Amino acid sequence: MGYGFHEDITERELARLVATGIPTAIILDSGSTDSGPEKLALGSMTCPESAYVEDLTKLLRLVHTYRVPLIFSSAGGDGSDEHVRLMGQIVDRIAVENECYCFKTISIFSSIDKAIIRERLDTGKITGCGTCVPALTEADIETSPRVVAQIGPEPFLDVMEADPDFDVIIGGRAYDPAPYVAYSLFQLKRQYPNLNAEEIHSRYGGFLHMGKIMECGGLCSTPKSHGAVATVYPTGVFDVRPTAPESRCTPYSVAAHALYENGRPDILRGPGGALHLNESKYEQLEDQRTVRVRGSQFRSLQSQGLPYQFKLEAARVVGYRTIFLGSVRDYILINQIDKLLANVRKYVSQQHPDIIGEWDLDFHLYGKGQRTADGPGEVFVVAEAVAPTQQLATSIAAKARVGMIHGPYPGQKATAGNFAFGIGGKMEIETGPCAKFSVYHLMDLQPGEERLKATKAAAHRPLIHCSVAIIGKGRRVPSDEDFRAGIARRLESLSNPPPIPVKKQLASDLIVSRNSPRTLSDLTYVFRSKNAGPYEITIDALFTSEEAYQTVKNSSLLSPENVAKALGIPTKDIIWLGFMDAALAFKVTIPRVRCGRKAPAGSFMENDVHGSQQHLGLANLKLHPQTMSEPSRNSVLGVSRNKLLLPLWGLTVLAAAKAFPSWRKWFGW
């Protein structure tokens, strides 16, 4: 939410779906830690408030016109209580401006009382979320202005069952698939009230897999769509297709989505347990745009005798940052720039002998190592200083800039200055508070604490709470046959784009450089890196053909030793590595490393908070015959691609979450 979306395409989909009478919802995930720690530390949002107003104005019109509920989670990007309240206020303002609107709006709050966190820490019931996360301390809790819990589907399901005539649900921080799972469970229990707990649990894995795909909109399709539609069956089987008419889902593209921003593709951990995809099966349907998925399984922590866990998230301000920008063209200096920068650090330290508190200074260098016909190319420098106060950070940056300009070096000829600076007329640029993730930990819950409903076994202090409000003065009218007939007439009036022929396509059709592949990238049609949480980077390679995939898989090219060398890390630092047959893909997950140290996303010296440009070392791995000849020693993840046909239906879910902003059209995306 806030990224914008194609309203006309979304409306056409809604008109088609609502006319069938199948229960339908618009669901969006609107939050993430991908953009760094600033939201949690500073109370800012992923998008400006005006962007949320614009999207909600369009979405609420669709809610009113088509009588479908709108459910979104992680309000504002961080899901903090203040942003849940802000979204409620925006809904209220929009409803006041439209006299015919009336929405039963439910807000779910997932901020956690620090006293409870301290209590669980003291009793050993908090652990790091992953091997790269340091142990939690009292100081981490106290210096974090807000702590949110990544809730599961349970609170969403609780409010749906308590108020089944809801129109809008505004969720606090939540596991991305949570609202999708909750709506599926809500409809399953309404349509099949005689199912027992075990039967419902057997469907949970399919619902969760669907939600994990849908929370990224149309990323599961090729080319990437702005949204997707999932049709969910009472058996837990689901179909998924993109909303963009020129896009299509394939078994490969849907299976490959399990790779995206996950540390490993076979086991996806979340609140209350883990989604296991080893037995998942993917079938291309006749329209060549839709894929049917079955066989996904959820294994709960409770079934293993373990407590339900919430992942806690928080960030704090570690200081204030000032930067300056410039470049070096003098090839005499470029060849020894590391020595000059070391001397600049010494000069700054000498000029600030009485600093109270921690401070740091470092340099981003872009273009180092590139050469032209005349020698080394230009090196662009971004210097970054962080200190307890903004004034001190600026003083450090200013002294460093002076050192960059006038510092001596062997063979110096450009005595007037070493450094081209003053971009935009600025000497130094004050960027304000510098934030860092401080809490990214799992907290054990007592039985029932994951829910909104009070239970005798739960603690006396509820962790999660909600509020319900009727917003607007319009008349709330229940759905009926006349309404659906009206929607059918409306569908006829909506303009339809010309049909785009869709041919049956395999991954082998997407070859980039088949004639003379020289690097690993030449054998793939997707090669990407991405955050897998703030502390890890995961890299995915999706191969162009079964032949290329099997050749690499059966070789030693992607052995742990070769992968570690290509990425510049010790072999022991590899967190997970393996192949995924269903997607013809390879994945490796590694720690985030910055300035030679493991560090979470954001904070001091960050230059890729999204983690999307960390794959090139592996992508450029050379294809040598000797490395492709020996059997692979990599771990192998086998996922069957057997087919299944289950002609059942239950409900549909429309995801418009990853909408394409209009500017992407300018680039032909």
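In the predicted model, the side chains of R345 and D362 meet in a salt bridge with an N to O distance of 2.8 Å. This pair links distant parts of the chain, R345 being placed in helix 12 and D362 in strand 15, 17 residues apart. The two partners fall into separate accessibility classes, since R345, at 31% relative accessibility, counts as partly exposed, whereas D362, at 18%, lies under the 20% limit and therefore counts as buried.

The structure holds 32 salt bridges, and among them is the one that K587 forms with D540, in which the closest N and O atoms are 2.8 Å apart. Because K587 lies in strand 25 (residues 585-591) and D540 in strand 23 (residues 536-543), this pair ties together parts that are 47 residues apart in sequence. K587 is buried, with a relative accessibility of 0%, and D540 is likewise buried, with a relative accessible area of 1%. A further salt bridge joins R594 to E606, with 3.1 Å between the closest N and O atoms; R594 is located in strand 26 (residues 593-594) and E606 in the loop between strand 27 (597-598) and helix 17 (616-619), so that parts twelve residues apart in sequence are tied together. Both R594 and E606 are buried.

Regarding the chain as a whole, the secondary structure comes to 17 helices and 29 strands, and 57% of the 669 residues count as buried. Among contacts with a separation of 6 or more, 77% are accounted for by residues 24 or more positions apart. The accessible surface of the protein chain comes to about 28,700 Å², and 52% of this area belongs to carbon and sulfur atoms.

Helix 13 (residues 390-406), with 17 residues, reaches 24 Å from its first C-alpha to its last, close to the 24 Å expected. The buried residues of helix 13 include L392, I396, A400 and M404, and the buried residues of this helix pack against several elements, among them strand 14, helix 12 (337-351) and strand 20 (429-444).

Strand 14 (residues 309-328) also holds Y320, which counts as partly exposed at 31% relative accessibility. Together with L42 and V317, Y320 makes a nonpolar surface patch of about 220 Å².

Two loop residues complete the description. T33, in the loop between strand 1 (24-29) and helix 2 (38-42), is buried with a relative accessible area of 8% and, leaving aside residues up to four places away in sequence, touches R173, E313, F437 and P534. G568, in the loop between helix 16 (560-567) and strand 24 (576-580), counts as exposed at 65% relative accessibility; the C-alpha atoms of G568 and L618 are 9.6 Å apart, while 50 residues separate the two in sequence.

Note on methods. Residues are numbered from 1 along each chain as its sequence is written. This is a predicted model: local features need pLDDT of at least 70, side-chain atom pairs count only at pLDDT 80 or more; totals for chains, interfaces and linings use all residues. Side-chain values use heavy atoms; hydrogens and water are left out. Patches are made of residues with over 30% relative accessible area and no salt bridge: like charges are joined within 9 Å, nonpolar side chains (Val, Leu, Ile, Met, Phe, Trp, Tyr) within 5 Å. Accessible areas come from the Shrake-Rupley method with a 1.4 Å probe; for residues, only the protein chains shown count as cover. A salt bridge is a side-chain nitrogen of Lys or Arg within 4 Å of a carboxyl oxygen of Asp or Glu. Helices (H or I, at least four residues) and strands (E, at least two) are DSSP runs, numbered from the N terminus. Buried means under 20% relative accessible area, exposed over 50%, partly exposed in between (1.4 Å probe, protein chains only). Contact means heavy atoms within 4.5 Å. The expected span of a helix is 1.5 Å times one less than its number of residues.
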